Amino acid sequence: MKLKGSCHCGAVRFECESRNPYPYQLCYCSICVKTTGGGGFSINIAGDADSLVVTGEENITIYQAKLPATETKSEEVSGLQRRFCKLCGSALWFDDDRWPELIHPVASSVDTELPVPPERTHIMLDSAPSWVEPAIGPKDKKFQGYPEESLAEWHQRLGLEK
(Lines give C-alpha, C1' and ligand atoms only; values in the text may rest on other atoms or scores of the structure.)
Protein backbone atom coordinates (compact mmCIF):
# COMPACT_ATOMS: atom_id res chain seq x y z
CA MET A 1 0.00 0.00 0.00
CA LYS A 2 1.35 3.44 -0.87
CA LEU A 3 1.35 5.76 2.14
CA LYS A 4 1.46 9.52 1.64
CA GLY A 5 2.04 11.78 4.60
CA SER A 6 2.84 15.32 5.66
CA CYS A 7 3.35 17.64 8.57
CA HIS A 8 0.61 20.06 9.64
CA CYS A 9 2.09 23.12 7.90
CA GLY A 10 2.87 21.23 4.68
CA ALA A 11 6.61 22.01 4.69
CA VAL A 12 7.42 18.27 4.73
CA ARG A 13 5.76 15.62 2.60
CA PHE A 14 6.68 11.97 2.26
CA GLU A 15 5.56 8.75 0.68
CA CYS A 16 6.56 5.12 1.03
CA GLU A 17 5.29 1.62 0.40
CA SER A 18 3.94 -0.44 3.29
CA ARG A 19 3.14 -4.16 3.55
CA ASN A 20 1.98 -3.61 7.14
CA PRO A 21 -0.29 -0.52 7.10
CA TYR A 22 -2.77 -1.30 9.87
CA PRO A 23 -2.49 1.23 12.74
CA TYR A 24 -3.07 -1.30 15.51
CA GLN A 25 -0.29 -0.87 18.09
CA LEU A 26 -0.70 1.87 20.69
CA CYS A 27 2.49 2.70 22.60
CA TYR A 28 2.24 4.33 26.02
CA CYS A 29 5.99 4.74 26.70
CA SER A 30 7.06 8.09 28.12
CA ILE A 31 8.83 9.05 24.89
CA CYS A 32 5.77 8.45 22.70
CA VAL A 33 3.48 10.20 25.19
CA LYS A 34 5.71 13.29 25.32
CA THR A 35 6.59 13.56 21.62
CA THR A 36 3.37 12.83 19.76
CA GLY A 37 0.59 14.82 21.35
CA GLY A 38 -1.99 14.80 24.09
CA GLY A 39 -3.65 11.43 23.51
CA GLY A 40 -1.41 9.52 25.90
CA PHE A 41 -0.06 7.13 23.25
CA SER A 42 1.44 6.94 19.78
CA ILE A 43 0.55 4.72 16.84
CA ASN A 44 3.26 3.86 14.34
CA ILE A 45 3.07 1.72 11.23
CA ALA A 46 5.75 0.12 9.06
CA GLY A 47 7.10 1.34 5.76
CA ASP A 48 9.77 0.18 3.33
CA ALA A 49 12.79 2.47 3.85
CA ASP A 50 14.02 1.96 0.28
CA SER A 51 10.75 3.39 -1.07
CA LEU A 52 10.83 6.58 1.05
CA VAL A 53 10.60 9.80 -0.98
CA VAL A 54 10.73 13.10 0.96
CA THR A 55 10.13 16.68 -0.09
CA GLY A 56 11.06 19.48 2.29
CA GLU A 57 13.81 17.43 3.94
CA GLU A 58 15.53 20.68 5.00
CA ASN A 59 12.58 21.24 7.37
CA ILE A 60 13.15 18.00 9.30
CA THR A 61 14.82 17.78 12.67
CA ILE A 62 15.80 14.57 14.46
CA TYR A 63 15.41 13.70 18.13
CA GLN A 64 17.14 10.77 19.81
CA ALA A 65 15.96 10.12 23.35
CA LYS A 66 18.31 9.56 26.26
CA LEU A 67 17.58 6.25 27.90
CA PRO A 68 17.99 6.31 31.67
CA ALA A 69 20.62 4.31 33.47
CA THR A 70 19.58 1.03 35.05
CA GLU A 71 21.23 -1.30 37.53
CA THR A 72 22.95 -3.13 34.66
CA LYS A 73 23.83 -0.32 32.21
CA SER A 74 24.62 3.37 32.14
CA GLU A 75 22.60 6.12 30.44
CA GLU A 76 22.69 5.89 26.66
CA VAL A 77 21.26 7.59 23.60
CA SER A 78 18.55 5.61 21.82
CA GLY A 79 19.38 4.36 18.32
CA LEU A 80 15.83 5.25 17.30
CA GLN A 81 15.71 8.53 15.39
CA ARG A 82 12.41 10.42 15.61
CA ARG A 83 11.83 12.86 12.77
CA PHE A 84 9.77 16.02 13.19
CA CYS A 85 8.97 19.11 11.14
CA LYS A 86 11.14 21.83 12.64
CA LEU A 87 8.59 24.48 11.59
CA CYS A 88 5.34 23.13 13.05
CA GLY A 89 6.60 20.32 15.30
CA SER A 90 4.57 17.52 13.70
CA ALA A 91 5.89 14.02 14.39
CA LEU A 92 6.59 12.37 11.01
CA TRP A 93 8.35 9.00 11.28
CA PHE A 94 11.12 7.19 13.08
CA ASP A 95 13.82 4.81 12.01
CA ASP A 96 16.56 2.80 13.67
CA ASP A 97 19.91 1.63 12.29
CA ARG A 98 19.21 -1.83 13.77
CA TRP A 99 16.43 -2.23 11.16
CA PRO A 100 17.65 -0.22 8.14
CA GLU A 101 15.00 -1.71 5.86
CA LEU A 102 12.16 -0.08 7.86
CA ILE A 103 10.78 3.32 8.65
CA HIS A 104 7.83 3.82 10.97
CA PRO A 105 5.49 6.64 9.99
CA VAL A 106 3.53 8.10 12.87
CA ALA A 107 -0.06 7.24 11.92
CA SER A 108 -1.24 10.80 12.57
CA SER A 109 1.16 12.08 9.87
CA VAL A 110 -0.24 9.73 7.21
CA ASP A 111 -2.71 11.41 4.84
CA THR A 112 -3.68 8.17 3.05
CA GLU A 113 -6.84 6.54 4.39
CA LEU A 114 -5.55 3.73 6.60
CA PRO A 115 -7.38 0.41 7.08
CA VAL A 116 -9.22 -0.18 10.35
CA PRO A 117 -7.54 -2.90 12.44
CA PRO A 118 -9.69 -5.83 13.62
CA GLU A 119 -7.94 -5.71 17.01
CA ARG A 120 -5.42 -3.45 18.74
CA THR A 121 -2.35 -4.08 20.82
CA HIS A 122 -1.60 -1.79 23.77
CA ILE A 123 2.10 -1.79 24.71
CA MET A 124 4.19 -0.26 27.48
CA LEU A 125 1.14 0.07 29.73
CA ASP A 126 3.46 0.11 32.74
CA SER A 127 4.66 3.54 31.50
CA ALA A 128 1.23 5.08 30.86
CA PRO A 129 0.58 8.29 32.81
CA SER A 130 -2.07 8.03 35.53
CA TRP A 131 -4.39 10.38 33.62
CA VAL A 132 -4.51 8.03 30.60
CA GLU A 133 -7.38 5.56 30.54
CA PRO A 134 -6.63 3.13 27.69
CA ALA A 135 -9.75 2.23 25.71
CA ILE A 136 -9.11 -1.50 25.53
CA GLY A 137 -11.60 -3.42 23.40
CA PRO A 138 -12.72 -7.02 23.94
CA LYS A 139 -10.35 -8.40 21.23
CA ASP A 140 -7.43 -6.14 22.18
CA LYS A 141 -4.15 -7.41 23.63
CA LYS A 142 -2.42 -5.74 26.60
CA PHE A 143 1.29 -5.71 27.46
CA GLN A 144 3.09 -4.01 30.32
CA GLY A 145 6.23 -3.89 28.14
CA TYR A 146 6.90 -5.00 24.58
CA PRO A 147 5.06 -7.97 23.05
CA GLU A 148 6.91 -10.92 21.51
CA GLU A 149 4.87 -10.58 18.30
CA SER A 150 6.36 -8.10 15.81
CA LEU A 151 4.37 -5.67 13.71
CA ALA A 152 4.92 -7.87 10.63
CA GLU A 153 3.94 -11.04 12.55
CA TRP A 154 0.70 -9.37 13.71
CA HIS A 155 -0.21 -8.57 10.09
CA GLN A 156 0.70 -12.11 8.99
CA ARG A 157 -1.29 -13.79 11.79
CA LEU A 158 -4.41 -11.90 10.77
CA GLY A 159 -3.80 -12.27 7.01
CA LEU A 160 -3.57 -8.49 6.56
CA GLU A 161 -0.33 -7.97 4.65
CA LYS A 162 -0.87 -5.78 1.60
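A residue is called buried here when its relative accessible area is under 20%. In this predicted model, tryptophan 154 has a relative accessibility of 0% and therefore counts as buried, and tyrosine 22, with a relative accessible area of 10%, is buried as well.

These two residues also meet through their rings. A pair of aromatic rings is described by the distance of the centres and the angle of the planes. For tyrosine 22 and tryptophan 154 the centres lie 6.2 Å apart and the planes stand at 55 degrees, so the pair is tilted. Because tyrosine 22 belongs to the loop between strand S2 (13-17) and strand S3 (25-27), while tryptophan 154 belongs to helix H2 (residues 151-157), the pair ties together parts that are 132 residues apart in sequence. Ring pairs join Tyr22 and Trp154 with Tyr24 in a cluster, and the count of aromatic pairs comes to four.

From the rings the reader can turn to the strands. Five strands form an open sheet in the order S5-S12-S11-S10-S7, and their pairing is antiparallel; its edges are strand S5 (47-48) and strand S7 (60-63), each of which pairs on one side only. Within this sheet, strand S10 (residues 80-85) and strand S11 (residues 91-96) run antiparallel and are joined by five bridges, with glutamine 81 standing opposite aspartate 95 in S11. Arginine 82 places its charged end over the ring of phenylalanine 94, at 5.7 Å from the ring centre.

An unreviewed UniProt entry carries the annotation "domain: CENP-V/GFA" for residues 3-119. The end C-alpha atoms of that span lie 21 Å apart, and the span is 5% helix and 37% strand.

Methods
Residues numbered from 1 in each chain as written. Predicted model: local features only at pLDDT ≥ 70, side-chain atom pairs only at ≥ 80, totals over all residues. Heavy atoms only, no water. UniProt positions renumbered as here; feature names shortened; annotations may be inferred. Helix = DSSP H or I, 4+ residues; strand = E, 2+ residues; numbered from the N terminus. Pairing = 2+ DSSP bridges. Phe/Tyr/Trp six-rings, centres within 6.5 Å; stacked < 30°, edge-to-face > 60°. Buried < 20%, exposed > 50% of the residue type's maximum accessible area, 1.4 Å probe, protein only. Lys NZ or Arg CZ within 6 Å of the ring centre and 35° of its normal.
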